[in-house]
Amino acid sequence: MYPNNYNNNNRGTGNPGRGRGRNGDGGGRGGGTGWGGPAQSGGQQWADRSGGQVGPGGGSYRPQQQQTGGQMGHGGGFYRPQQQQQNGGQGVGPARAEFVGGGGGVWNGRPGLHTQSQFQALLPGGSYRPQQQQNGGQGAGPTRGQDIEVNGSGGHGSGRGGGGVWSGRPGLHTQATTQSQPRVLPGLHTQATTQSEPRALPDIESLQISEKKPPLALSEETENRIVPINRPDRGGTVAAREVRLLANHFLVSFNPEGTILHYDVNVEPQMSRGPQRTKNFIPKMDHRRILDKLFCNDRTRLPNQMTAYDGRRFIFSKVPLPTGQFGGEDMDRSPIFTTTLVNELSYAKLKDYISGNHRDDPRGILQGMDSVMKVNPSSQRISVGRSFYSNQFRQSDDLKCGVAAFRGFQQSLKPTSQGLALCLDHEAMPFFKQISVIDFLKENVWGFHEVKDVLKLKKEVEKALRGLKVYVTHRDTKQKFQIAGLSDRQTRDISFPLEDPEQKGPPRKIGLSEYFWVKYNKKILFDDIPSLDLGKANYVPIEFCTLVEGQRYPKEKLPRDKGLLLKKISMPPPEERKSIICEIVQAKDGPCGNVVRNFEIAVDQKMTRVVGRVLAPPALKLRTPTGKPQVIRVDRDPRCQWNLLGNSGNSVVEGKPLKRWALIDFTASDCSRLNAGLFIKKLINKCSDLGIPVMEPVVSRLTSMRDLSTVFATQELLDSVVKEANGKCNGRLQLFVCVMSVKHDRGKKFLKWVSETKIGIMTQCCLVSHANNPNNRESDQYLANLALKINAKLGGTNVELAERLPGFPGEEHVMFIGADVNHPGPGNTTCPSFAAVVATTNWPAVSRYVARICPQEHRNERIVDFGATCLDLVNTYARLNKVKPKKIVVFRDGVSEGQFDMVLNKELQDMKSAIYEDDYRPTITLIVARKRHLTRIFVENERDAGRSGNVPPGTVVDTKIVHPFHFDFYLCSQYGVIGTSKAALYSVLWDEHNFTSDQIQKLVYHLCFTSARCTKPVSLVPPVFYADHVAYRGRMYHEVAMELQPRTAALLNEGLYKVHPDLKNELFFA
C-alpha cells in the first residue's frame, strides 16, 4: 500500500484487461456482450464527485467508500464513494481493479484534468493508488491490482485507453481526437464495436515519465482546495541567545539522473490436490522469506543486491526485472509469483522538490529509497513494524524473567532545507530470550526451581507458555510451532497409532517415549511430567523445545522494577543516546550496505550541525499572600520553574473557595491506613497558603477498595455520600477527594465514569503513600500540585502571563482550540475511536477550558463532527463572555504529514462551514503539533546544556532540519530531567493572521507556561495537552460502558460517553 498524500505524474502500466462480462445474459467476443443487468448497472453516470462517464456495457456500482469513475469506458464506469476516484480512459471491457487501476489516470476525490489522445499502441492501464494518491497514465482496458474489485459487465475484453498526466492539481476532463461514445440510459446496454487487440507488455523504454503538466482548467471544487502554506520568511531572528546543536539527521546524497523501477508483486499459493481443491494460506510474514529464496535461486534474472522488497506488495529495483509469473514448479508447496512493472521513479523529481522547483510530494521515490535503506537492517535484525532490533542483548539489559531489553532503532527519510536526510533514533523493546523452555520457566514462573515443578504449577506454566512459539531440537528443522498448552497426561502415558512404513499390517500403538528413541535416538529424561501440546495432537517433551527469537513481551506485564529498568534503557541521557545513534549509522547491520550503494545512494555518517535560538521565557503574574498582584521572572532558573513551596510568598492568581467537599478514604482494609485528620489539616493549610480557601469536609467516609470492584458498587457508594452531604449542608458537593491504597486503574475508571457522567461531581484522586508522606519537603510539593489541580477544577486561575500573548495587539477576543483522536490498541478491530476538542473560554488569560468528547468510527483519524463541535464551543464562549471570538487558533494533534490534506480540506472546511455566518467570519490559524517523530537535538558544547545534559527550555530550530518550504519549526519548551529531551514539531498549515516565524514561535512558547497542572512550562502546547487527556477519558468511559452493556449496544449508545451537564463546561479533566 502506498503512503498517504501520494501524487505521481507518471504513466503507469498494468495487465491487459480480462474480457468476461458479468450480470448479463449474452456472450461476446473478447469480453461478452452483457444484456440488461441489475438496477445499479448499466453505465449510469454517478454524481458525487465521480468522473464516471457512461459507456456501453454498464458499470457495476459498489458503495464501499471509494470512487472509481470510468471515463468513456466501453465496459462501464465504476463508482465507489470515499474520496478516491479512478478514471479509466476509454478502456473497453470489464475492469478488475485492486490498487492497480484500469485504463487511465487516477485521482483522489478532486475534479481534475484528464486529456485523451488518439493512442494507437495498446498499453496497460495506469496504476491506481488509494488514499490521496494519484497516477496518470496511458491506459488500455482493465487491469488487475489488489484490495478493490470492480466488475464492469459487458463490453469487449480490451481497448484503447486514454492517456493523461495527473499532478494532484484540480482540473477538468477534456478529449482530444478520441471518438465520442453515445450516452446510455441506466439499465440499457449498447454493444461495443471496438475490436479486441492482442495483449502486449511494454518494454521499459516505452515507460517514460512525464514531468510536464497539461494546461489546467480548474473546476469550482478544486479551486477551493487548499494546501499547506509556505514559510513567510527565512526563519526567526529573535533570541535571548544562540546555541550550537547537533541533530540526528544524516545527509543523504544520490545521483539525480538515476531512476528506480517500481514493481508490483503478487504472491499466491497453488491449489492443493484432492477432491476439494483449496489454496494453501501463506502468511504475510513469510512473503519476504519466500521471495528471498526465489531471488537466491535465480540471481541472473533476479539480482537480490539490486532490489529492495517492502515486505508487502512492492519491489524496487535498480535494473529491469522480468515480468509475468514465476514459481509453481513444486505442486502444493511452491507459490506462484506475478510481477508487474508499475512505474519508473526518478531521483530528479526528488531533487526538484527539495530545491523548491517542483511542489508535488515525491512520495513514490521516497518510498522506494526508504525500502532500499531498510534492506540491510531487515536482513540482519529483528523487524517489528518500522523498527529493527539487535539479535543479541547486553548482559546489563537482562530483565531476569525470561525477558531481556533488546536495543534497536527506527529510521525515516526526510526532505529538509539542507537536502534529503536520514533521521534515525534509538529505542528498546522487551523480547523473550531465545532459551530453552525449562530455563524460561525457571526465570518467569515464581516458585519454579526444577522440571518436576511443572506438576504442581501446571496452571501457572500453561499461562506463561500458551501462545509462545518454539523450535524443536530433537530433529533438524527451522519450523516454528505455537504452544497450545500442556498435555492432559504425563509424557510416559502418551501413545498414538503408528502407520506401518511398509504397509504390511495395521497401525500399531506406540508410546511417545518409545517413538522418540526409535525414530530420533533420543531418550526422554523427564517422562513423568506433561509434554507441550504444539497443536493437532503434536506432543513434544518440554526438554526438546527452545523459544523462538524475536517474540515481543508486553511491557505492561513487566514487574514494576523491571519496567523501570526498561525505561532507563529506553531513555538514555543525551550523550549516551548520541553515541548509540552514531554507532548504529556506522554498524554493519545498520541502514547502510551494498544494496544502498548499488542504488547510487550514499549517507554522510556525521550528524547535522545547526544553530538554535533560545527564546526568553515570559514574565508571569501571581499574587502575594495578601492578595496583591506580583510579576515574577523565571529566566534565571535553568528549568524556567516558579516556586509555590514553603515560604515562597507566591499564591495563585485566583483561588476559588472549596466549601463543600467529601473525603472518601479507601484504605480501611489496608495495613497502611490514611491519617485522615493530619491529611485534611495539611491540605487545608497548603491551599490557604496558595490563596485557595478550603473548609472542613462535609462528609468523611471510610471504606475499602472493594467498593471500586464494580460500577454498581461505586455508584452506590457515591450516591450514599451525596445523600449524607445533602442532609448536612445547603448546596451540592463540589468535589470528592479520594485516597486510594494502590493504583487501581479499573476502579479509577469506574469512579471517574460514575462521578463525571451520572452524578456530576468532580473527583481528585491521590495515593495514601503520598498523603501520609512524612518527608515535609516532598509532602509540601505533592500538596501544592494537588491544590493546583483542585483550584483549576473549581474554575480558579493558577498563573497568568504578565503581558498579552504575542500576535494579537487589538481588543478582539481570541479562542484557542485543541483537537486529538484516541484510537484503540493494536489488535482491536471493533472499538470506536474517540475525538476530543477543547477550547479556551477566557481571554486574555487563556486559563479556562471546556471540552467535548465524540465517539466515532473505529480508527478514523478525521474528526467527523469537528464543525458541529467547534460551533458548540464558539456558542459556549459567547454565552460566557457575551461576545464571540473574532480570532481562532486551532492546534491539531495526532496526524502525520500524509494527513495534512485531510485536516485542511475536510476538518478546516467543516469548521468554517459550521461557524461562519453572514455577520461572523473569524480569522483562523491552523497548526499541527507532533511529538511522534524521530528528530532528536543535542547540544554540541556541554557548557550550553543544563545539569541533565539536555538543550535549554525555549530552544527553537527553524533552519536546515525543517521542511524545504513549508512553515514548520521545532520547539523544546520543557527542561528535560529524564533521558533526552524531545522537541515538539509544529507545522503551520493555514494562517489568516499573517504570523511571522518569530511571532508564532513566541506565541506557542508562551502558551506552554499557562498549564494549570504544574509550575513549569509543559512539553506540548496546553490545548493539545488537554485534548489528549480528554480523548483518553473517552477511552476510559468506553471501557466502563463495555462492562455495562453488550458489545454492540455499547458501541451505539453515545449516552454512555456524555459528560454530566453540571460538568460540561468545567475543567473536570485537569
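Two strands are taken as paired if DSSP finds at least two bridges between them. The views below are taken from a predicted model.

**View 1. An open sheet of 11 strands with mixed pairing.** The strand order is S37-S36-S35-S38-S39-S43-S42-S41-S27-S7-S40. Strand S37 (849–856) and S40 form the edges; each has a single partner strand, so one side of each is left without a neighbour in the sheet. Neighbouring strands are turned against each other by 30 degrees on average, direction ignored. Within the sheet, strand S41 (residues 955–957) and strand S42 (residues 967–972) pair in the antiparallel sense over 3 bridges. Valine 957 stands opposite tyrosine 970 of S42.

**View 2. Helices H18 and H19 on the sheet.** Helix H18 (residues 866–881) packs on the sheet through contacts with S35, strand S36 (833–840), S37 and S38. The direction of H18 makes about 160 degrees with that of S37. Helix H19 (residues 900–915) also packs on the sheet, where it touches S35, S38, S39 and strand S43 (984–991). The direction of H19 makes about 145 degrees with that of S39.

**View 3. Aspartate 425 and its salt bridges with arginine 577 and arginine 936.** The side chains of arginine 577 and aspartate 425 meet in a salt bridge of 2.9 Å, N to O. This pair links distant parts of the chain, with arginine 577 in helix H11 (residues 574–586) and aspartate 425 in strand S17 (residues 419–432), 152 residues apart. Arginine 577 has 2% relative accessibility and therefore counts as buried; aspartate 425, at 5%, counts as buried too. Aspartate 425 also forms a salt bridge with arginine 936, the closest N and O atoms being 3.1 Å apart. Arginine 936 lies in the loop between strand S39 (923–930) and strand S40 (937–939), so its pairing with aspartate 425 in strand S17 ties together parts that are 511 residues apart in sequence. Both arginine 936 and aspartate 425 are buried.

**View 4. The salt bridge between lysine 887 and glutamate 812.** The two side chains meet at 3.9 Å, N to O. Lysine 887 belongs to strand S38 (residues 887–893), whereas glutamate 812 is in the loop between strand S34 (800–801) and strand S35 (814–822), and the pair links parts of the chain 75 residues apart. Lysine 887 counts as buried at 17% relative accessibility, while glutamate 812 is partly exposed, with a relative accessible area of 41%.

**View 5. A network of salt bridges.** Asp398, Lys400, Lys433 and Glu443 are linked in this network. The count for the model comes to 38 salt bridges.

**View 6. Lysine 374 in the loop between helix H4 (363–373) and helix H5 (375–380).** Lysine 374 has a relative accessible area of 19% and is buried, because buried means under 20%. Its side chain makes a polar contact with the side chain of aspartate 370 at 3.0 Å. Not counting residues up to four places away in sequence, lysine 374 touches Phe388 and Gln411.

**View 7. Helix H14 (residues 711–726) and its packing partners.** At 1.5 Å a residue, the 16 residues of H14 should span 22 Å, and the end C-alpha atoms are 22 Å apart, which agrees. The buried residues of H14 include Val711, Ala713, Leu717, Val721 and Ala725. The buried residues of the helix pack against strand S30 (661–665), strand S31 (699–702), strand S32 (735–740), helix H15 (745–759) and helix H21 (1022–1044).

Key
Residues are numbered from 1 along each chain as its sequence is written. This is a predicted model: local features need pLDDT of at least 70, side-chain atom pairs count only at pLDDT 80 or more; totals for chains, interfaces and linings use all residues. Side-chain values use heavy atoms; hydrogens and water are left out. Helices (H or I, at least four residues) and strands (E, at least two) are DSSP runs, numbered from the N terminus. The expected span of a helix is 1.5 Å times one less than its number of residues. Buried means under 20% relative accessible area, exposed over 50%, partly exposed in between (1.4 Å probe, protein chains only). Contact means heavy atoms within 4.5 Å. A polar contact is a pair of N or O atoms within 3.5 Å; within protein, one must be able to donate a hydrogen and the other to accept it, and residues adjacent in sequence count only if both atoms are side-chain atoms. A salt bridge is a side-chain nitrogen of Lys or Arg within 4 Å of a carboxyl oxygen of Asp or Glu. Axes are lines fitted to C-alpha atoms, for helices over the stretch in contact, and angles run from 0 to 180 degrees between N-to-C directions.
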